[in-house]
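Biologist: I'd like to learn how to read a structure like this one. Could you take me through it feature by feature?

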Amino acid sequence: PVYFLTPDVVGVELLELTLTAALRSLGAPAFEQGVAQLFEATDGVLRSRYLTALSYVRDPELGQRALALALDPRLRTNERLLPLFGQLGQLETRDAGVLWLRANYDALQAQLGAHGGNDVIAAVASFCSEDKAKEVEAFFAPKSPHIPGGPRELLMTLETIRSCAALSAAYGEQVRAL
């Protein structure tokens, strides 16, 4: 066990940072300990710190394990999307995250209820190409009418993706040169 991953050792304010560092250097043992600590915790702040660190892992195998947490019955409804946002929000894990989402969309929606659908659509807004915008549109267009506010959320998400793509096309070389 990774004994320093407890709030009484590192303090609540350093817990997420400490677990993130442990995940990067120790990998699976730190992940397993973080998951155990997450599910032992009853305090929402502690759970959030553990889950945030676990959700933003960059290792592909651990990323899949993080995504699986979204369907774990021990997670609270308000915690379910954090692994998805964590994996979709990183360049290294984004593509695997969207594949997981496509494969598990129905199960995730069943856990979230009708009003969680908007957040699922918003989770893919971190993409930055016209091709990805088309993929997102193809996947969510038939689903969005069944989600309260879904068509509007899809339009906003597509606008975000396409705006990023346009900015990247216009200024990408300048940014990469920095």
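Modeller: Let's go through salt bridges, then a helix face, then a helix pair. Keep in mind that this is a predicted model.

Biologist: Fine. Salt bridges to begin with: what is the idea, and how many does the structure hold?

Modeller: Side chains of opposite charge can pair when their charged atoms come close. The structure holds nine salt bridges. Take Arg47 and Glu79, whose side chains meet with N to O at 2.8 Å. This pair links distant parts of the chain, 32 residues apart: Arg47 sits in helix α4 (residues 44-55), and Glu79 in the loop between α5 (60-69) and α6 (82-88).

Biologist: Are Arg47 and Glu79 buried or exposed?

Modeller: Arg47 counts as buried because its relative accessibility is 4%, and Glu79 counts as buried at 8%. The cut-off for buried is under 20%.

Biologist: Which partner does Arg58 have, and where do the two lie?

Modeller: Arg58 forms a salt bridge with Glu92, and the closest N and O atoms are 3.9 Å apart. Distant parts of the chain are linked here too: Arg58 is in the loop between α4 and α5, while Glu92 is in the loop between α6 and α7 (94-112), 34 residues apart. Arg58 is partly exposed at 42%, whereas Glu92 counts as exposed at 53%.

Biologist: And what does Glu130 pair with?

Modeller: With Arg162, in a salt bridge of 3.0 Å, N to O. Glu130 is in helix α9 (residues 130-140) and Arg162 in helix α10 (residues 150-177), so the pair ties together parts 32 residues apart in sequence. Both are partly exposed, Glu130 at 33% and Arg162 at 28%.

Biologist: Which residues are linked in a network of salt bridges?

Modeller: Asp95, Arg102, Lys132 and Glu135 are linked that way.

Biologist: On to the helix face. Which residues of α5 are buried?

Modeller: The general idea is that an α-helix has 3.6 residues a turn, so residues three or four places apart point the same way. In α5 the buried residues are Leu62, Gly63, Ala66, Leu67 and Leu69. Seen down the helix axis, they fall within an arc of 145 degrees, so they line one face of α5.

Biologist: What covers the buried residues of α5?

Modeller: The cover includes α3 (28-40), α4, α6 and α7. Look at the start of α5 as well: a side-chain oxygen of Asp59 reaches to within 3.1 Å of the backbone nitrogen of Glu61.

Biologist: Now the helix pair. At what angle do α2 and α3 pack?

Modeller: Two packed helices are described by the angle between their axes and the distance between the axes. Helix α2 (residues 12-26) packs with α3 at about 145 degrees, and their axes are 6 Å apart. On the α2 side, Leu19, Ala22, Leu23 and Leu26 make the contact; on the α3 side, Ala28, Pro29, Ala30, Phe31 and Gly34 do. By class, that contact has eight nonpolar, one polar and no charged residues.

Biologist: Let's zoom in on Leu19. What is Leu19 in contact with, beyond its neighbours within four places in sequence?

Modeller: Leu19, in helix α2, is in contact with Leu5, Ala30, Gly34, Tyr50, Ala53 and Leu54 once those neighbours are left aside. Leu19 is buried, with a relative accessible area of 0%. Its C-alpha atom is separated by 9.5 Å from that of Thr52, 33 residues apart along the chain.

Notes:
Residues numbered from 1 in each chain as written. Predicted model: local features only at pLDDT ≥ 70, side-chain atom pairs only at ≥ 80, totals over all residues. Heavy atoms only, no water. Salt bridge = Lys/Arg side-chain N within 4 Å of Asp/Glu carboxyl O. Helix = DSSP H or I, 4+ residues; strand = E, 2+ residues; numbered from the N terminus. Buried < 20%, exposed > 50% of the residue type's maximum accessible area, 1.4 Å probe, protein only. Arc of directions from axis to C-beta. Contact = heavy atoms within 4.5 Å. Polar contact = N/O pair within 3.5 Å; in protein donor to acceptor, adjacent residues only side chain to side chain. Axes fitted to C-alpha atoms, helices over the stretch in contact; angles between N-to-C directions. Nonpolar A, V, L, I, M, F, W, Y, C, P; charged D, E, K, R; others polar.
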